[in-house]
Amino acid sequence: MNRRKAEDGLRALLGDLSGKDTSRLRLDDDLVRELGLDSLAGLRLLAGVEKRFDVCFPDERLGEFRTLKQLLDVMAATEEKS
Amino acid sequence: MRIGLIAMSGVRVRTPELAELGVTLPQFVNRGKVIASLPSLGLLTVAGLTPDDIDIAYREVADVDPKADLEVFDLVGISSYSAQIDEAYALADRYRAAGVPVVLGGLHVSLMPDEAASHADSVVLYGAEGAWPRLLQDFRGGRLQPRYEGLRAGVFEDAHYSRPRFDLLRGRPYNRITVQTSRGCPLNCGFCAASLRITSSFQQKSVEKAVSEIRAALDVTDHPFFELADDNTFINKRWGKEFLRAIIPLGINWFTETDISVAEDEELLDLLAESGCRQVLIGLESPDGADLAGVDPGDWKRRHSDRYLEGIRRIQSRGVSVNGCFILGLDGHTKEIFTHLKEFIDRTGLLEVQITVLTPFPGTPLYERMRREGVLLQERYWDRCTLFDVNYKPKGMTVEELEQGTRWLFSEIYNEREYTRRKRCYMEIVKKRL
């Protein structure tokens, strides 16, 4: 999947989860601060990304993903490995 | 007139070894920190019951600097928990020495009013409804009474109800905002020192009142996460479903405390998920029914303990995580409980776990029983009512065994590796639901 398509999918997922408009979200914006995602919503987001994009975030880094860019980087790395 | 309402709710742990663990295992005191960072709904309610012509200053104090200058008020109201009550008394004494009249209220004061009275011009017992408006009237007339008793029933009826002043929170960085939909819990566990101690029976707000409070709180915060400050929100399942349907359009995320019976109602579970419930905290207390005998007068928890595993699975399958609470040092617990509980937690798939030590809070049935049995370690130990410090001789082990076993279990449960494992377990459950 190309990065643009992945980004669009992520924005849609974030919109579903937060109920907020994510179209103006910048790649480096802190999702917790901008969308008010709490830690539980963060886990739900990661679970949603894993399922929808068939990727797997490393367990030891589950707490590190706070921006769209970080999520996209891991998705790209996972895709490269497979 | 200017009234200062001061909430004192810092996190406290007295045993040095435990305090050290709290630093190295941050999750150990996480829930305590969340609670300490919540606004004081009791004082916001007091503010709501105050006539508009009186200026209210709402303050939260985690740690009092005894040398700092006192903010000047015409009257001060202070509320605190047992663990910090001596600090609250010290602050009250300073204000009184400075000529400022002091009113003390809250759960501890309601349960120990005679003790509190020696540090206050007036004490308010039970809820502020039915007491605070009279107190203010008397204060204005120069005839403040030493004691006022608030209502224990009918507290949410129109004649007594006033919406908490959420506007006083505007501009403050809260992670969570509290709203109360009910007071009390019919299970009436002997150790419980929550709002059931200030009510004569279960008190529930109308759905309209509860929703209107959430709407008011929404006005003062950008990213609200609501914590329902209830003892047990879904006692009345029909009310619960009506409430959940009403908050779906608000698009909020929220947390509450309830019991395992929510897992038995599929419609309620679906509504919990749909309405944005992110976590329910459930007092499971102990893995085995035998240890739960007598915990509540109706033995409700003992009778429902065989449903824990399936109940947790059903709730979490909706994407609503469960914060399972366990108490160490119950009468039936021996030193085997620590490894047994660790194994049980591993099997549950719980995302979050809250482990505390049985604590005889003053004024509770548990406290009265332990006092009669002569097992309390000290006569007055309020500063150690932290939920982590041991204050009595347990029946099935020594004090040292309970302390050491607790520390061992904290290290096993609250380390990063275990929390990561629980997070992954929760994510896999959520994925099945998506």
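Asp299(B) sits in the loop between strand S12 (277-285) and helix H11 (300-304) of chain B; helices (H or I, at least four residues) and strands (E, at least two) are DSSP runs, numbered from the N terminus. The model is predicted, so local features need pLDDT of at least 70 and side-chain atom pairs count only at pLDDT 80 or more, while totals for chains, interfaces and linings use all residues. Residues are numbered from 1 along each chain as its sequence is written, chains are lettered from A in the order in which they are written, and side-chain values use heavy atoms, with hydrogens and water left out.

Leaving aside residues up to four places away in sequence, Asp299(B) touches Leu292(B), Ala293(B) and Gly294(B), contact meaning heavy atoms within 4.5 Å. Its side chain also makes a polar contact with that of Arg302(B), at 3.2 Å. A polar contact here is a pair of N or O atoms within 3.5 Å; within protein, one must be able to donate a hydrogen and the other to accept it, and residues adjacent in sequence count only if both atoms are side-chain atoms.

Now to where the chains meet. Chain A brings 21 residues to the contact and chain B brings 21 residues. The buried area (accessible area, 1.4 Å probe, lost on putting the two parts together, summed over both) is about 1700 Å², with carbon and sulfur atoms giving 59%. Leu40(A), Leu43(A) and Arg44(A) supply 37% of what chain A buries against chain B, more than any other three residues.
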